[in-house]
Amino acid sequence: MIIDSHEHIMFPIKMQLDKMDEAGVDKTVLFCTTPHPEKAGTLSELEAEMAALNNILAGANSKDDNIRRLKKNIAEVEEAVRTYPDRFLGFGAVPLGMALEETEKWIDTQITSNFLYGIGEFTPGSEQQIMQLETIFQALTATKVYPVWVHTFHPVTGDGIKLLMSLCEQYPGIPVIFGHLGGSNWMDVIKFAKEHGNVYLDLSAAFVSIATRMALVELPERCLYSSDAPYGESYLYRQLIEFVSPDKRTEEMALGENISRLLELS
């Protein structure tokens, strides 16, 4: 089974399903989203869509605004999964900055009760926000362990990635997916993942194609095919993995087996 392990929900859903069919993707892991770049036809329209995300990263929204937004986003993912259970499964967002007890309740009511498979995407806009992830890790140890998906490209810095690595070492029982393979820090991320069994490598938005190839060569059992659609195309990222994989077996693991094992789909 070919599984795109990271796409953001797109509207209309039929467009997303059509793109999956074109790419030969059987199932997709859906993530929440606030901007919808798939609606943009021009650069100015894209800038308007992305303005909402930039405000979030800058911490311009209030805690209550973020909570309302994330509940709405999770409801959108949950509805898509419920409508197309054979094509989609979901991850749910968790607000940063909540107290531990509040975070535990959120995981119970918004993630577990909605039958989601993981939490994220977290896009920390500062090192302070990366450190707030520790509350998420603590809550997972008290509720249910889910994979945690963290964006590790810009605006996350090399120092920010090191802070995330430290959390991975403190909580070895929690699987952590390094989104976008660490960006320009991909060498450090691959080396760290080889030494820590709870670290997985998301192959979307790779800094250069050699980064994808090295990840597949060094750690085939923990590389995850994903497109980050609508920012990337499922078809193209599948082709990249097929082109640079050292062998067919590595390709098969990356294109579906690894995420299936991580999420215990079979």
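This is a predicted model: local features need pLDDT of at least 70, side-chain atom pairs count only at pLDDT 80 or more; totals for chains, interfaces and linings use all residues.

Trainee: Let's start with helix 7. Which of its residues are buried?

Mentor: Buried means under 20% relative accessible area. Helix 7 spans residues 186–195, and its buried residues are Trp-186, Val-189, Ile-190, Phe-192 and Ala-193. Seen down the helix axis, they fall within an arc of 165°, so they line one face of helix 7.

Trainee: Which exposed residues does the face turned away from the buried side carry?

Mentor: That face of helix 7 carries Met-187, Lys-191 and Glu-195, which are exposed.

Trainee: And what covers the buried residues of helix 7?

Mentor: The cover includes two helices, helix 6 (158–170) and helix 8 (209–218). It also includes strand 6 (176–179) and strand 7 (199–202).

Trainee: Now the cores. Which residues of the largest nonpolar core touch the most other members?

Mentor: First, the general idea. In soluble globular proteins, nonpolar side chains tend to be buried together. Here the largest nonpolar core has 64 residues. Those touching the most other members are Val-94, Ile-119, Leu-133, Phe-178 and Leu-201.

Trainee: What does Ile-119 touch?

Mentor: Skip residues up to four places away in sequence. Ile-119 then touches residues including Phe-91, Val-94, Ile-136, Leu-140 and Trp-149.

Trainee: Which residues form a nonpolar patch on the surface?

Mentor: Phe-207, Val-208 and Ile-210 do, with about 250 Å² of accessible area together. Take Val-208, in the loop between strand 7 and helix 8. Its relative accessibility is 34%, so Val-208 counts as partly exposed.

Trainee: Is Gly-182 buried or exposed?

Mentor: Check the relative accessible area. For Gly-182 the value is 1%, so this residue is buried. Gly-182 sits in the loop between strand 6 and helix 7. Beyond its neighbours within four places in sequence, Gly-182 is in contact with Thr-152, Ile-161 and Val-189. Look also at Asp-202, 20 residues from Gly-182 along the chain. Their C-alpha atoms are separated by 8.9 Å.

Trainee: One more. Where is Thr-28 found, and what is Thr-28 in contact with?

Mentor: Thr-28 is in strand 2, residues 27–31. At 0% relative accessibility, Thr-28 counts as buried. Leaving aside neighbours within four places in sequence, its contacts are Asp-4, Glu-7, Met-20, Arg-87, Phe-88 and Leu-89.

Technical notes
Residues are numbered from 1 along each chain as its sequence is written. Side-chain values use heavy atoms; hydrogens and water are left out. Buried means under 20% relative accessible area, exposed over 50%, partly exposed in between (1.4 Å probe, protein chains only). Helices (H or I, at least four residues) and strands (E, at least two) are DSSP runs, numbered from the N terminus. The arc is that of the directions from the helix axis to the C-beta atoms. Contact means heavy atoms within 4.5 Å. A nonpolar core is a set of buried Ala, Val, Leu, Ile, Met, Phe, Trp, Tyr and Cys residues joined through side-chain atoms within 4.5 Å. Patches are made of residues with over 30% relative accessible area and no salt bridge: like charges are joined within 9 Å, nonpolar side chains (Val, Leu, Ile, Met, Phe, Trp, Tyr) within 5 Å. Accessible areas come from the Shrake-Rupley method with a 1.4 Å probe; for residues, only the protein chains shown count as cover. A salt bridge is a side-chain nitrogen of Lys or Arg within 4 Å of a carboxyl oxygen of Asp or Glu.
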